[in-house]
Amino acid sequence: MSILLEMAMFPTDKSESKSKEVSEVIKIIRESGASYQLTAMATIIETKTLKEALNLVEKCYSRLEELGCNRVYATLKFDIRKGHENRLKTKIESVEKHIGEVSK
């Protein structure tokens with residue numbers, strides 16, 4: 001099974017720049033061992049189970065809570081597919097077969 005999770009999570013009660021807090025969220029994701037891709041607007045994460053993805057979301061929120069964030073905005077999108085893996089990479093390769101290399 002492959003769970004692709006697109007997640008954006010950041011505090012709304014801190015400074016205009018969110019990079020410090022987002023960096024803390026990315027550390028949690030990186031330390032989890034899950035494959036991920038940081039983009040300018042969100043982070044795409046691939047896990048093997050929905051439970052693993054949801055646990056990661058909870059850990060990220062807990063870290064922001066530890067940093068004193070009193071209001072957190074989060075968006076979550078899931079693409080759940082049985083019988084597949086490594087879709088973070090293969091979905092891009094599939095498009096590239098049709099149009100050539102894309103920006104990553």
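A salt bridge is defined here as a side-chain nitrogen of Lys or Arg within 4 Å of a carboxyl oxygen of Asp or Glu. The structure is a predicted model, in which local features need pLDDT of at least 70 and side-chain atom pairs count only at pLDDT 80 or more, while totals for chains, interfaces and linings use all residues. Residues are numbered from 1 along each chain as its sequence is written, and side-chain values use heavy atoms, with hydrogens and water left out.

**Salt bridges**

Under this rule, the count of salt bridges is seven.

| K77 | E6 | 3.2 Å |

Strands are DSSP runs of E with at least two residues, helices are runs of H or I with at least four, and both are numbered from the N terminus.

Solvent accessibility is classified by relative accessible area: buried is under 20%, exposed is over 50%, and partly exposed lies in between (1.4 Å probe, protein chains only). E6 is partly exposed at 29%, whereas K77 is exposed at 53%.

R63 and E66 both lie in helix 2, three residues apart, which is about one turn of the helix. R63 is partly exposed, with a relative accessible area of 22%, and E66 is exposed at 59%.

Elsewhere, salt bridges with shared partners join E24, K27, R63 and E66 into one network.

**Nonpolar core**

A nonpolar core is a set of buried Ala, Val, Leu, Ile, Met, Phe, Trp, Tyr and Cys residues joined through side-chain atoms within 4.5 Å. The largest such core comprises 16 residues, and those with the most contacts inside it include L5, M7, V25 and C60. Strand 1 (2–11), helix 1 (19–32) and helix 2 (50–66) each contribute at least two residues to this core. Helix 2 provides the largest share, five residues.

Which residues does V25 touch, not counting residues up to four places away in sequence? With contact taken as heavy atoms within 4.5 Å, V25 touches M7, M9, C60 and L64.
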